[in-house]
Amino acid sequence: MLKHRARAVFLVLIAAAIGYFVYSTERSQSKPFRLGLDLSGGSHLVFRADVSKLAPADIGDSMAALRDDVERRVNTFGVSEPLVQTEQAAALSSKESAYKLIVELPGVTDPDKAAAAIGATPELDFRLGASGDVQAYFSSSTPLSPLKSTTTALSATSTYESIFKPTGLNGSMIGRASLQFDQTTGAPQVGLTFTGEGRALFNQLTKEHVGDFIGIFLDGHLIEAPVVREQIPNGQAVVSGSFTLDQAQTLVRNINFGALPVPIALISTQTVGPSLGQAAVQGGLVSGVVAFILIALFLIIWYRLPGVVAVVALGVYTVLMLAIFKIMSVTLTAAGIAGFIITIGMAVDANILIFERMKEELNRGRGIWDAMHEGFARAWLSIRDSNISSIITAIILFMVPSNSIVKGFALVFGIGVVVSMFTAITASRLFLFAISPATTTALSRFLIGNGFRRQRPANQS
């Protein structure tokens with residue numbers, strides 16, 4: 001008895017510490033709950049993927065690559081828990097309209113800006129200009145500003161194509177771009193590292209055209225036109241271009257990610273306001289509290305002392321679930337909150353099975369401790385089988401391609417079933433043995449029994 005009580009006290013202290021962790025981290029916002037788009041607000045973007053030029057066998061891999069590329073791009077926005085997924089809808093007109101890309105960006109309130117960044121296909125081009133032509137141009141025309149259109153500065157008889165000749169060196173020959181800073185001025189720069197083919201071509205250009213200009217164009221916009229001072233054999237280049245920090249970061253991102261593997265076109269946008277999310281969170285909290293209170297009242301009134309134990313175990317279950325949401329950074333959606341509320345009711349199912357088995361053993365004339373042992377032993381197989389079937393259902397819902405609502409529900413539901421098995425079998429058993437009467441009397445039978453009929457051993461008339 002003393003051993004059971006010591007373990008029960010230790011478990012309560014652990015649960016209290018976990019509860020304090022949940023409360024303190026939420027109050028200080030050091031590790032807040034991650035809320036999905038429907039709760040925190042943000043942007044919901046739907047793109048149509050153009051797969052008309054792809055072979056049917058390549059569509060699946062190309063759509064997966066598209067999803068991965070876009071996911072990397074939205075991660076650079078600093079968005080918390082973005083959701084990027086592909087979807088194949090039933091299309092009656094053509095297969096091309098059946099493939100879609102869905103992007104959810106919590107906290108992003110400008111969907112047009114996000115869509116432009118996601119679908120950007122940068123073209124980096126290096127062009128060679130003879131020193132005389134370029135110097136004459138700059139002396140007779142307004143110099144080009146970084147990241148500005150060249151057409152505003154060129155005369156009708158002089159275009160940048162006539163001054164800067166193609167070299168064959170382009171963005172596809174860049175292995176990686178990186179953000180750097182000038183050691184003297186601190187101005188942001190973009191460092192370029194060429195691939196093997198690009199390194200050889202860049203080496204040849206800088207060797208044969210010392211004193212000439214190399215114009216660096218992004219989507220037809222002149223970024224910079226540095227003079228070749230010497231041969232550069234190592235394939236390393238630095239683009240200064242008088243960037244702002246934001247411009248330099250954007251250029252690095254666009255060069256690194258390059259063009260998307262599948263062309264996409266934005267077909268719909270939806271902005272979810274924070275007021276809707278706050279209402280959903282508030283409604284979920286109220287529903288959870290009401291559900292907990294009603295279940296606790298039923299358990300205590302009908303099952304008495306075991307009911308009190310079940311309520312304490314349910315409190316441990318709730319604390320553990322909230323802590324798991326924080327530690328695993330589970331993104332909570334309205335569907336996820338609904339799944340959590342459902343598992344609150346399911347968490348006591350195992351306790352009810354155990355208590356009913358205990359009542360049967362008491363009616364057979366067993367003592368309290370023997371009835372409790374047999375009740376847990378006989379209920380275990382039913383508890384195991386029912387929970388395994390629920391876990392399998394949650395796995396299927398999560399693994400089968402579906403929308404984020406179903407996946408959010410399945411994840412929370414599956415975690416809840418696993419945690420409820422622990423609280424029902426381990427926590428409830430420990431608490432019940434810690435506070436149960438040591439002797440079998442009429443009062444102890446009443447406290448351990450359930451309902452309002454007098455509990456009698458089966459051998460009594």
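A: Here is the pocket, then a helix that lines it, then the core and the whole chain.

This is a predicted model, in which local features need pLDDT of at least 70, side-chain atom pairs count only at pLDDT 80 or more, and totals for chains, interfaces and linings use all residues. Residues are numbered from 1 along each chain as its sequence is written, and side-chain values use heavy atoms, with hydrogens and water left out.

The second largest pocket holds about 540 Å³ of space. A pocket here is an open set of points on a 1 Å grid over the protein atoms alone, where a 1.4 Å probe fits, with protein on both sides within 12 Å along at least five of seven lines. Its volume is the space filled by probe spheres set on the points, which are joined across faces, edges and corners.

Lining residues have an atom within 4 Å of a point. By type, the lining divides into 16 nonpolar, four polar and one charged. Nonpolar means Ala, Val, Leu, Ile, Met, Phe, Trp, Tyr, Cys or Pro; charged means Asp, Glu, Lys or Arg; the others, Gly among them, are polar.

Helices α1 (2–28), α9 (274–327) and α10 (334–346) each give at least two lining residues. The largest share, 10 residues, comes from α9. Helices are DSSP runs (H or I, at least four residues), and strands are too (E, at least two), numbered from the N terminus.

Thr-318 sits in α9. Thr-318 is buried, because its relative accessible area is 17% and the cut-off is under 20% (1.4 Å probe, protein chains only). Beyond four places in sequence, Thr-318 touches Phe-292 and Phe-340. Contact means heavy atoms within 4.5 Å. The C-alpha atoms of Thr-318 and Phe-340 are 9.1 Å apart, with the two residues 22 apart along the chain.

Now the core. The largest nonpolar core has 45 residues, and Tyr-317 and Met-321 touch the most other members. Such a core is a set of buried Ala, Val, Leu, Ile, Met, Phe, Trp, Tyr and Cys residues joined through side-chain atoms within 4.5 Å. The largest share of this core, 14 residues, again comes from α9.

Last, the whole chain. The protein has 14 helices and 14 strands. Of its 461 residues, 41% count as buried.

Note on methods
Buried < 20%, exposed > 50% of the residue type's maximum accessible area, 1.4 Å probe, protein only.
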